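Here is a note to read with the model open beside you. Take the points in order and find each residue as it comes up.

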Amino acid sequence: MLLFTPGPTPVPESVRLAMATPTLHHRTPEFEAIFKETRELLFNLFATDEVIMLASTGTGAMEAAVTNLCHDTLLSINSGKFGERFGKIALAHGLKNIEIKHEWDTPATVEEVVDALKANPSIDAIAIQISESAGGLRHPVEEIAAAVKALNPNIMIIADGITAVGVERIDVANIDCLIAGSQKALMLPPGLAILGLSNAAIEKTGEGKGYYLNLASEIKKQKQNTTAYTAATTLIIGLRAVLQEIEANGGIGKLFCDTARRAKATRFALEALGLHSYPKTPARSMTTIDDENAKEIRDLLKTEFGVNVAGGQDHLKGKIFRINQMGLIEPYEMVAVVNAVELALAKLGRRDFDGTASRVFNEEYFKSILKKEEK
């Protein structure tokens, strides 16, 4: 079975083997050396002033970001299930929440965010997804962050990069907190969250919020190559192996290029079959298709062709399917997936199978490589 859900993603064999080594105690020089090396590799990936690892899923990092960086009113951008979650976290902690809400295919705009800030001067933090995985949408986070900082540099920008970190290069110049989760582009099992922080965010966390998710406590300890509480030792060992694997495969820049061309080629291949891309601004992390036969296509992919892709949630359940593009994916695996979609459409009597999907994918994917070489 090919796993092509946008999280969890397949774990490379070399990483599984690294995590299968004997368990280390987290308060030992041996583990501290691994922790130090992993931190150094994360700084290269995040390009932020500080990085923190938490034994938590991505939602724990979202909660840590809100509780530590928002002390009054959160402006949350809701264009999907995970944007909605930020607002719920704020309300659960007694914070005020102002929400900009859109359909799950529609990104936020700079103008509406600026208007919300002008109308609500109590807002001290903004929470937004870079890639909203509920519908495969890409928000213009960098442009929004720049406009916000120009208006008020003290407002904290919290960017959920759980399906963006490791997918594309993110400009963090105006981002105060960048969040990642282990089971997405970092190709690990769930259970490890990472936050990249700006110096301004570090200063704000010094005011101290929470107990387990107190970022000030973690910053102090992690600078000493340990953690405030029990570290997720096996996952951190796996994370080091993942980052080393990325470097061995040509580095983070190559991973970004490969992901971009794979996402574009997949979208072109499926659109050549007459399918429709759902989001108005597609993220590179996944290819999302809305279709009246979305459920039937997804079922056929799994039962007939051994390809597991994700469906939709809530009002999009049975109306979309989402194909992962994150991680180290070989082109031939992606060809197998688009071929399977074409075969599923043939089974449904929608079109004859003629190899269009694989032809278009290969044309687009390898044409982009040649263009890069020509430059």
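Is Met187 buried or exposed? Point 1 has the answer.

1. Met187 is buried, with a relative accessible area of 3%. Buried means under 20% relative accessible area, exposed means over 50%, and partly exposed is in between (1.4 Å probe, protein chains only). Met187 sits in the loop between S9 and strand S10 (192-197). Its phi is near 55°, a positive value in a residue other than glycine.

2. **What you are looking at.** This is a predicted model: local features need pLDDT of at least 70, side-chain atom pairs count only at pLDDT 80 or more, and totals for chains, interfaces and linings use all residues. Residues are numbered from 1 along each chain as its sequence is written, and side-chain values use heavy atoms, with hydrogens and water left out. Helices (H or I, at least four residues) and strands (E, at least two) are DSSP runs, numbered from the N terminus.

3. Asn225 lies in the loop between H8 and H9. Asn225 is buried, at 16% relative accessible area. Now look for Pro29 in helix H2 (residues 29-46). Pro29 counts as exposed, at 62% relative accessibility.

4. **A cis peptide bond.** Gly7 and Pro8 are joined by a cis peptide bond, with omega about 0°. Pro8 is in the loop between S1 and helix H1 (13-19).

5. **An enclosed strand.** Strand S8 covers residues 156-160. Five of its five residues are buried, so S8 is largely enclosed by the rest of the structure. Check both faces. Met156, Ile158 and Asp160 are buried on one side, and Ile157 and Ala159 are buried on the other.

6. **The partners of S8.** Strands of a sheet pair through backbone hydrogen bonds, either parallel or antiparallel. Two strands count as paired if DSSP finds at least two bridges between them. Strand S5 (residues 123-129) runs parallel to S8, and five bridges join them. Gln129 has Asp160 of S8 as its bridge partner. Strand S9 (residues 177-181) also pairs with S8 in the parallel sense, over three bridges. There, Ile158 is partnered by Cys177 of S9.

7. **An antiparallel sheet.** Four strands form an open sheet in the order S11-S12-S15-S14, with antiparallel pairing. Its edge strands are S11 (276-277) and S14 (310-311), each of which pairs on one side only. S11 pairs with strand S12 (residues 286-290) over two bridges. Ser277 stands opposite Ile289 in S12.

8. **Aromatic rings.** Rings of Phe, Tyr and Trp (its six-membered ring) pair if their centres lie within 6.5 Å; planes under 30 degrees apart count as stacked, over 60 as edge-to-face and the rest as tilted. By this rule there are five aromatic pairs. One of them is the tilted pair of Tyr211 and Tyr229, at 5.5 Å centre to centre with 40° between the planes. Tyr211 is in the loop between helix H7 (199-205) and helix H8 (215-222), and Tyr229 is in the loop between H8 and helix H9 (233-248), so the pair ties together parts that are 18 residues apart in sequence. Tyr211 is exposed, at 64% relative accessible area, while Tyr229 is partly exposed, at 24%. Ring pairs link Tyr211, Tyr212 and Tyr229 into a cluster.

9. **A charge over a ring.** Arg261 lies over the face of Tyr365, at 5.9 Å from the ring centre. The cut-offs are NZ of Lys or CZ of Arg within 6 Å of the ring centre and within 35 degrees of the ring normal.

10. **The largest pocket.** A pocket is an open set of points on a 1 Å grid over the protein atoms alone, where a 1.4 Å probe fits, with protein on both sides within 12 Å along at least five of seven lines; lining residues have an atom within 4 Å of a point. The largest pocket has a volume of about 500 Å³. Of its 25 lining residues, Gly327, Leu328, Ile329, Glu330 and Glu333 are the closest to its centre. H10 gives the most to the lining, with five residues.

Notes
Points joined across faces, edges and corners; volume = space filled by probe spheres on them.
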